[in-house]
Amino acid sequence: MPTIKSLLAGAAALALVTGTAVAQPKTLGPQTGTVKIEQISVAFIASGELGGGTFTYRGRSYPISVGGLGIGGIGASRVLASGRVYGLTERNDLAGPYVQLKEGWAVGRAGQGRVWLKNDKGVTISLDTRRQGLQATIGADGVVIAFK
């Protein structure tokens, strides 16, 4: 299993090389699932996130947990995210470590952002986020998704 240090190094490399490719759904192929996530995010240069949600695949819903460490940002917020999953060939390909690229902001109850996650199994997750709190984020994280 990759270490947090290797996840962060991979995140930095991915941000430099493929950030725009991850953000373009046309290049990701057909959507293979959806996710809804709620988490708490805290950042002061380094960042940490913890939460959970639901993954829907082939008409069935599965509870998931999501956690990560990374770089970039300041403040704290509650994050509600929903989005699309691409490149999934079987349900279990969702679980495991991801590189996460993010940008967003929150002031009080207003806030939004975008998050892109990619794993070594070819799965990409594109999320739209709503944030509540006081936070500005831009950076890269190592994230782990697991089934509950």
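Colleague: Let's start with glutamine 39. Buried or exposed?

Modeller: Glutamine 39 is buried, because its relative accessible area is 9% and the cut-off for buried is under 20%. This is a predicted model, by the way.

Colleague: Where does glutamine 39 sit?

Modeller: In strand β1.

Colleague: And which residues is glutamine 39 in contact with, leaving aside its neighbours within four places in sequence?

Modeller: Glu49, Leu50, Gly51, Val66, Ser77, Arg78 and Val79.

Colleague: OK, zooming out. How many helices and strands are in the protein?

Modeller: There's 1 helix, plus 5 strands. Going along the sequence, the pattern reads α-β-β-β-β-β.

Colleague: What percentage of the residues is buried?

Modeller: 43% of the 148 residues.

Colleague: Before I get carried away, what's the mean pLDDT?

Modeller: The mean is 78, with 76% of the residues at 70 or more. Residues 1-24 are below 50, though that stretch still has 31 contacts in the model beyond near neighbours in sequence.

Colleague: Leucine 94 was on your list. What is leucine 94 in contact with, leaving aside its neighbours within four places in sequence?

Modeller: Phe55, Ile64, Val85, Leu88, Asn119, Ile125, Ile145 and Phe147.

Colleague: Some rings in there. How many aromatic pairs does the count come to?

Modeller: The count is 4 aromatic pairs. One of them is phenylalanine 55 with tyrosine 57, which is stacked at 5.8 Å centre to centre with 15 degrees between the planes. Phenylalanine 55 and tyrosine 57 are both buried.

Colleague: And how do tyrosine 62 and phenylalanine 147 pair, stacked or edge-to-face?

Modeller: Edge-to-face, with the centres 6.1 Å apart and 75 degrees between the planes. That pair links distant parts of the chain: tyrosine 62 is in strand β2 and phenylalanine 147 in strand β5, 85 residues apart.

Colleague: Is tyrosine 62 buried or exposed?

Modeller: Tyrosine 62 is buried, because its relative accessible area is 15%. Phenylalanine 147, on the other hand, counts as partly exposed at 24% relative accessibility.

Colleague: Which residues form the aromatic cluster?

Modeller: Phe55, Tyr57, Tyr62 and Phe147 form one cluster.

Colleague: What about arginine 91, which ring faces does it lie over?

Modeller: Arginine 91 lies over the face of tyrosine 62, at 4.6 Å from the ring centre. Arginine 91 also lies over the face of phenylalanine 147, at 4.1 Å from that ring centre.

Colleague: And glutamate 90, where does it lie?

Modeller: In the loop between β2 and β3 (96-108). Glutamate 90 is partly exposed, with a relative accessible area of 44%. From glutamate 90 to tyrosine 57 there are 33 residues in sequence and 8.9 Å in space, C-alpha to C-alpha.

Colleague: Last one: where does lysine 148 lie?

Modeller: In the segment after β5. Lysine 148 counts as exposed, at 67% relative accessibility. Leaving aside its neighbours within four places in sequence, lysine 148 is in contact with Pro63, Ile64 and Ser65. Lysine 148 and threonine 54 are 94 residues apart in sequence, with 9.9 Å between them in space, C-alpha to C-alpha.

Key: Residues numbered from 1 in each chain as written. Predicted model: local features only at pLDDT ≥ 70, side-chain atom pairs only at ≥ 80, totals over all residues. Heavy atoms only, no water. Contact = heavy atoms within 4.5 Å. Phe/Tyr/Trp six-rings, centres within 6.5 Å; stacked < 30°, edge-to-face > 60°. Buried < 20%, exposed > 50% of the residue type's maximum accessible area, 1.4 Å probe, protein only. Helix = DSSP H or I, 4+ residues; strand = E, 2+ residues; numbered from the N terminus. Lys NZ or Arg CZ within 6 Å of the ring centre and 35° of its normal. pLDDT = per-residue confidence, 0-100.
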